[in-house]
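User: I would like to go through the fold of this model, one question at a time. Please keep the answers brief.

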Amino acid sequence: VGHSGSASWRTPFCLFGFVILCLTGMVQFGLASASVSAFVAANVLAATFSRPSVASAILAFEFLCIALLAFAFGLEWIAPTVDLNLLNAGMVSWLLLAVSLAVLSGLCFYLIARTRQDWEAADTALQNRNEQLETLIRHAPEGIVVQDMDTGCFTVANPVAERLLGTPAEKLVGHMGLRDFMPLQTTDPSLSYRVVEAFLSAALDGDVPRFDWRLKHAEGHEFPCAVTLARLPDTDRRLVRASFWDKSERAEALRIRDLSAALCRNISEGLVRCDPRGRVQWVNPAFERDTGYALIEIFGTRLPELLAGPANKTVREIIEKGVEFRPSFGSVWSGEIDFRRRDDTLVATSTIMTALQDAQDRPTGFLLLIRNLIVLSQADEQFSRAVELDYLTGLPNRLGLIRQIGAAMSAAAD
């Protein structure tokens, strides 16, 4: 049992004084006295609260003292006092008895208090560990169930497992197991429950099998999943933890991620991703085209170093001083910013700066959507011309003809 540093000096000191008192009692009363039980108590306390080396040293010292006393009694160098009335008449004997009882009571109180503290500390540590494990299981991204191999039922089921299996935890725990969610009819031998039983047996033997399987939702439809089994270290029960996730959901998430990445790469507006300190982490090809900078050249560069003009101060305040985002769409700042090109020229842009947050609403950085004003003006001109021209012939259409007639009439009137 571990002991605190503040009490580490008390144990050897008390034990040493207790041993001296016991030895004194043995000199007075001989081996046929209660001092022998005092030695036993001292040994118990030494083994409980002292380090193994200290306890061994105390035990060796006790045996040495007992051997010396036995040798002295044998040679009649000392003899026990048998006149108890004479001893009881002296104040020294009563004082010795009182001190001995006080020390023994103090050590017993210390033993009880330390045992209670150790129990409370162990109980608190166990509760904290259970809470941490419960939190990890409850917030795990995959479904987790624990199956008792003796009963064939679940003992634990996290919310993801409830969602994937379509069954609340109240029905899963203690009433259902993996067998209840196997495919109803299958011609594939790899999906047979016997295969799962073989993997469960391997998990009980200490292996960590991973395999693909199909599970049945409570509504009847099946979904492909990847399963990992592992035995839990429980000496009383044979428990196996099963982790599984829907492979179709993961494939859909990967598809959406790839689609988002393709969209960011091919969008005509520039995109810049910064960390909370304003250091550039990622840019898309449109930004590289507008500024001439490649990502490898400006990675880690602070965003204000790429800006010019009055808006530079505003962006710097937002990044460095944590100024609240200004108008328009909540935690978004928008305005015109001049970016420095690689050739030291400036490009005028209309920029929207958005704060990025994680699932706990903690800031993770900034995202800038950048529109080149020159490109926008050219696009507007092209759109205006396209509205007034015929798509096939390139000649003025009805709107273009009306505008030209109106312009000619205005010129003639002047």
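User: At about what angle to β4 does helix α8 run?

Analyst: This is a predicted model. Helix α8 covers residues 193-204 and lies across β1, β3, β4 and β5. Relative to β4 (222-231), its direction is at about 25°.

User: Which strands does helix α9 touch?

Analyst: Helix α9 spans residues 247-266 and packs on the sheet. Its direction makes about 40° with that of β5. The strands in contact with α9 are β3, β4 and β5.

User: In what order do the five strands of the open sheet lie?

Analyst: The pairing is antiparallel. The edge strands, each pairing on one side only, are β2 (153-157) and β3 (210-216). From one strand to the next, the twist averages 35°. The order is β2-β1-β5-β4-β3.

User: Which residue in β5 stands opposite G143?

Analyst: Strand β1 (residues 143-148) and strand β5 (residues 239-246) run antiparallel. Six bridges join them. Opposite G143 stands F244.

User: How far from D246 is the nearest side chain of opposite charge?

Analyst: D246 is found in strand β5 and is buried. A salt bridge needs a nitrogen-to-oxygen distance within 4 Å. D246 has none. The nearest side chain of opposite charge belongs to R163, at 6.4 Å.

User: With which side chain does the side chain of D246 make a polar contact?

Analyst: Not counting residues up to four places away in sequence, D246 touches L164, F223 and P224. The polar contact of its side chain is 2.5 Å. The partner is the side chain of S248.

Terms used: Residues numbered from 1 in each chain as written. Predicted model: local features only at pLDDT ≥ 70, side-chain atom pairs only at ≥ 80, totals over all residues. Heavy atoms only, no water. Pairing = 2+ DSSP bridges. Helix = DSSP H or I, 4+ residues; strand = E, 2+ residues; numbered from the N terminus. Axes fitted to C-alpha atoms, helices over the stretch in contact; angles between N-to-C directions. Contact = heavy atoms within 4.5 Å. Buried < 20%, exposed > 50% of the residue type's maximum accessible area, 1.4 Å probe, protein only. Lys, Arg positive; Asp, Glu negative; His and termini not counted. Polar contact = N/O pair within 3.5 Å; in protein donor to acceptor, adjacent residues only side chain to side chain.
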